[in-house]
Amino acid sequence: MESTEHLNKFKVGSVPTLYYIPDFISDSDQKLLLNHIYTAPVSKWKSLKNRRLQNWGGIVHEKGLLPQDLPPWLTNITEKIKEELLLFPSAINHVLINEYLPNQGIMPHQDGPAYFPVVAILSLGSPVIMDFTPHASLADNTSNNDGNLQNYPPFSIALKPCSLLVFKDTAYSDYLHGIKDCEIQQYDAAVNAGEIETHDEDSKVIHRSATRVSLTCRVVSKVHRNLFRF
Ligand SMILES: O=C(O)CCC(=O)C(=O)O
Ligand SMILES: [Fe+2]
């Protein structure tokens with residue numbers, strides 16, 4: 001794969017490897033994307049217990065993707081992500097769009113095995129805090145890695161509108177990621193706390209007063225062209 005040196009200035013935190021790229025898209029791109037998302041057929045929305053989502057690119061099975069072409073308004077952004085990161089082995093072919101009201105979140109989880117282990121998340125709307133926690137088996141643990149003791153600290157990251165978060169390696173494979181379902185989120189442990197402008201220096205909190213929408217962009221390497229040979 002190509003060099004990732006061009007991304008070094010966006011690296012955040014101490015765990016390999018997270019990149020946070022503020023203002024990855026412009027405000028007018030954000031408006032255009034939100035407009036496409038909210039004019040999609042109502043049937044595109046799937047309601048879960050504590051959020052809604054749209055699935056684009058096809059159905060992900062354990063054994064791969066039953067593909068469906070992404071619409072041009074999505075390939076515009078997925079192609080930009082692929083070209084600017086140089087971290088994906090092929091075109092991004094799956095996009096999950098999650099919508100969160102201010103009191104909604106996503107349980108700590110790990111992305112499924114069907115995905116190539118790099119994820120790019122574009123954030124729109126309200127800022128939120130995403131928490132990374134090591135797998136239970138690694139918490140408070142140290143492991144020997146090339147003769148060095150390595151530990152797995154929990155950490156958080158603030159996700160502002162128009163930003164792109166990318167994670168891979170240990171952060172992808174040994175951590176769970178999630179967003180708390182509360183309107184007021186603390187961020188003093190955030191690896192990019194400096195990103196957030198605050199009116200009140202003492203209370204490092206984000207008030208989620210608006211809806212957040214995110215685009216989780218990934219590659220499913222195994223694609224099934226023929227349903228009957230699935
Ligand atoms: O909305 C987000 O930022 C996270 C979404 C996510 O983790 C996922 O779709 O797997
Ligand atoms: Fe995820």
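Biologist: Which residues come nearest to ligand 1?
Modeller: Happy to start there, and do keep in mind that this is a predicted model. Around ligand 1 there are 14 residues. The nearest of these are Y100, H109, H177, R212 and S214.

Biologist: How many residues of the shell around ligand 1 are nonpolar, polar and charged?
Modeller: Good thing to sort out next. Sorted by class, the shell around ligand 1 contains 6 nonpolar, 5 polar and 3 charged residues.  Charged residues in that shell therefore number 3, with Asp, Glu, Lys and Arg counted as charged.

Biologist: Which element gives the largest share of the shell around ligand 1?
Modeller: Four strands, β7 (94-100), β8 (106-109), β15 (175-179) and β18 (212-218), each provide at least two residues of this shell. The largest share is 4 residues, and the strand supplying them is β18.

Biologist: What share of ligand 1 does the protein bury?
Modeller: Let's look at the polar contacts on the way. A polar side-chain atom of S214 sits 2.6 Å from an oxygen atom of ligand 1, and for T216 the distance is 3.3 Å. An N or O atom in the H109 side chain is 3.1 Å from a ligand oxygen. Ligand 1 on its own exposes 290 Å², and the protein buries 97%.

Biologist: Is Q30 buried or exposed?
Modeller: Q30 belongs to helix α1 (residues 27-39). Beyond its sequence neighbours within four places, Q30 contacts I25, S123, L124, G125, P161 and C162, and its side chain reaches the backbone nitrogen of G125 at 3.0 Å. Its relative accessible area is 8%, under the 20% cut-off, so Q30 is buried.

Notes. Residues are numbered from 1 along each chain as its sequence is written. Chains are lettered from A and ligands numbered from 1 in the order in which they are written. This is a predicted model: local features need pLDDT of at least 70, side-chain atom pairs count only at pLDDT 80 or more; totals for chains, interfaces and linings use all residues. Side-chain values use heavy atoms; hydrogens and water are left out. A residue is near a molecule or strand if one of its heavy atoms lies within 4 Å of it. A polar contact is a pair of N or O atoms within 3.5 Å; within protein, one must be able to donate a hydrogen and the other to accept it, and residues adjacent in sequence count only if both atoms are side-chain atoms. Accessible areas come from the Shrake-Rupley method with a 1.4 Å probe; for residues, only the protein chains shown count as cover. Buried means under 20% relative accessible area, exposed over 50%, partly exposed in between (1.4 Å probe, protein chains only). Contact means heavy atoms within 4.5 Å.
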